[in-house]
Every structure is written in structure tokens, then in C-alpha cells.
Amino acid sequence: MQKDSDFEINPKVIYLSEDSIAENENEKNKKETEEFEAQAAASIDSRTYEHSSFFLGIPLIIIIGGIRSSYESVFSIEYKGKNVVVLYNGICLVSVADRLFIHGKWDKGKKLGILGNVVIADRIENLSFGLVFSSK
């Protein structure tokens, strides 16, 4: 080993500069929010869940008010030989073996309680029936 000022230099070890470490972190962040666009077949039927967003009410002797809610649809597709979970914020009707064209973003499933990555879809085209579901 050679000594260069206070650091030991080993020819078998590659030292990363702070710039390359920052670039690697930026690449990881880009992969987490990477755009997803693919044509695939549905593996299971979609399930639609009602998700409560907030409650507004006035407490008198009884509570007068209401609950505002939204719908979420969840299903999986077969993509590159693996099953991938797709989450769509809205009602989306998908049956097994439907041909779909999905546009959205990859997201870490850990935030949603799912092991692996998840696709959060913005637009789903059901090519089998000609239906288009779009949140925009």
C-alpha cells in the first residue's frame, strides 16, 4: 500500500467521490418515480374499495354531518414474467385476461404495505372492451 497524504491508497479498491455517491442517490430516486407504460394482460379481477377521506360534522345531541370518500381499484398484471400490483385512484373495471395499456408511475410498495414495487396508474385502457379510465 502506498500513502498519499493521510489516506492509504490500495490499487484493488475503488474509491468513490462524493459526486459519484450523489449521482447514485439521484439515480435511485429516479428509479423510484420512474414512468411506467406497458401493454399487459390482467392476472386477476379488479377490486374496488371505498376509502374515507375526511369527516365533517356538527356535534349536537346527535352528530349531523357526512363522510366524504373516494374509490380505489387494485388488480395485478403479468409484466415481464412477474405479477405487478396496479393501483388506480378511481373505479376501474378489469377482468382476468383483459388486454390493458397502462400509463403511470412506479412507486415503492413499502409505503402502501405491499412487498415489492407498485404501479400507480394515471390512465388505463382496456383494449379488450375499448374502455378508457383516466384520472386526469
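**Note on the predicted model**

1. Val119 is located in strand 8; strands (E, at least two residues) and helices (H or I, at least four) are DSSP runs, numbered from the N terminus. The structure is a predicted model, in which local features need pLDDT of at least 70 and side-chain atom pairs count only at pLDDT 80 or more, while totals for chains, interfaces and linings use all residues. Residues are numbered from 1 along each chain as its sequence is written, and side-chain values use heavy atoms, with hydrogens and water left out.

2. Val119 counts as buried, at 0% relative accessibility. Buried means under 20% relative accessible area, exposed over 50%, and partly exposed in between, for a 1.4 Å probe and protein chains only. Although 32 residues separate Val119 from Leu87 in sequence, their C-alpha atoms are 6.2 Å apart. Beyond its neighbours within four places in sequence, Val119 is in contact with several residues, including Phe36, Val86, Leu87, Ile102 and Trp106; contact means heavy atoms within 4.5 Å.

3. Which residues touch the most other members of the largest nonpolar core? They are Phe75, Ile77, Val86, Leu100, Ile102 and Ile124, out of 18 residues in that core. The elements giving two or more residues to this core are strand 3 (35-42), strand 5 (63-79), strand 6 (82-88), strand 7 (99-108) and strand 8 (117-126). Strand 3 gives the most, with four residues. A nonpolar core is a set of buried Ala, Val, Leu, Ile, Met, Phe, Trp, Tyr and Cys residues joined through side-chain atoms within 4.5 Å. In soluble globular proteins, nonpolar side chains tend to be buried together.

4. Ile77, with neighbours within four places in sequence left aside, is in contact with residues that include Phe36, Ala40, Lys82, Val86, Leu100 and Ile102.

5. Two backbone angles deserve attention. Lys80, which is not a glycine, has a positive phi of about 55°. Lys80 sits in the loop between strand 5 and strand 6 and is exposed, with a relative accessible area of 73%. Ala97 also has a positive phi, near 70°. Ala97 belongs to the loop between strand 6 and strand 7 and is exposed, at 55% relative accessible area. Most residues other than glycine have a negative phi.

6. How many salt bridges are there? The count is one, where a salt bridge is a side-chain nitrogen of Lys or Arg within 4 Å of a carboxyl oxygen of Asp or Glu. Arg123 pairs with Glu125, their closest N and O atoms being 3.2 Å apart. Arg123 is partly exposed, with a relative accessible area of 34%, and Glu125 is partly exposed at 21%.
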